[in-house]
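Dear colleague,

My findings follow directly after it.

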Amino acid sequence: MGFLIRLAITAVALWITTLIVPGVDVHGRSGGNTVLTLIVVALIFGVVNAVLKPVIKVVGCVFYLLTLGLFALVVNALLFLLTDRIARGLDLPFQVDGFWAAFWGAIVMTVVTWLISVIVPDNLDRR
């Protein structure tokens, strides 16, 4: 149940990001198509972050230390761009227009995901 809640939170955060950040868009043919696209892209984003982010943190730990953690913003933007490339490869109507859209999109995604996670904890099935 926790996985589905986290997936829904990420999909909602992605939707809010498409509303706030110019250059991050979902072009579904219908409302249902857009929701399905958001869910699939949220799943891709989760897998990319789960697989690559720990590896990048270990390999790039010197850069994290030298930049006092600001390198994480660049890494998040690049992972967001990778999510865009994978979504395009799967022919999903999701698009990120360049590095700066990915940079701001990743920041908004992080903040919105955190805010929603504070409101809706992912351990509802343990109550």
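Predicted model: local features only at pLDDT ≥ 70, side-chain atom pairs only at ≥ 80, totals over all residues.

Residues are numbered from 1 along each chain as its sequence is written, and side-chain values use heavy atoms, with hydrogens and water left out.

The largest nonpolar core has 30 residues, and L14, V24, F80, F94 and V96 have the most contacts inside it. Such a core is a set of buried Ala, Val, Leu, Ile, Met, Phe, Trp, Tyr and Cys residues joined through side-chain atoms within 4.5 Å. Two or more residues each are given to this core by helix 1 (2-20), strand 1 (24-26), helix 2 (31-59), helix 4 (71-89), strand 2 (94-96) and helix 5 (99-119). Helices (H or I, at least four residues) and strands (E, at least two) are DSSP runs, numbered from the N terminus. The largest share, eight residues, comes from helix 5.

Leaving aside neighbours within four places in sequence, F94 is in contact (heavy atoms within 4.5 Å) with L14, V24, D25, V26, T37, V41, F80, D84, A87 and R88.

The axes of helix 2 and helix 4, lines fitted to C-alpha atoms over the stretch in contact with angles from 0 to 180 degrees between N-to-C directions, come within 9 Å and cross at roughly 135 degrees. Helix 2 is therefore oblique to helix 4, since angles under 35 degrees count as roughly parallel, over 145 as roughly antiparallel, 65 to 115 as roughly perpendicular and the rest as oblique.

T17 lies in helix 1. With 0% relative accessibility, T17 counts as buried (under 20% relative accessible area; exposed is over 50%, partly exposed in between, with a 1.4 Å probe and protein chains only). Beyond its neighbours within four places in sequence, T17 is in contact with V24, F80, G105, V108 and M109.

With kind regards
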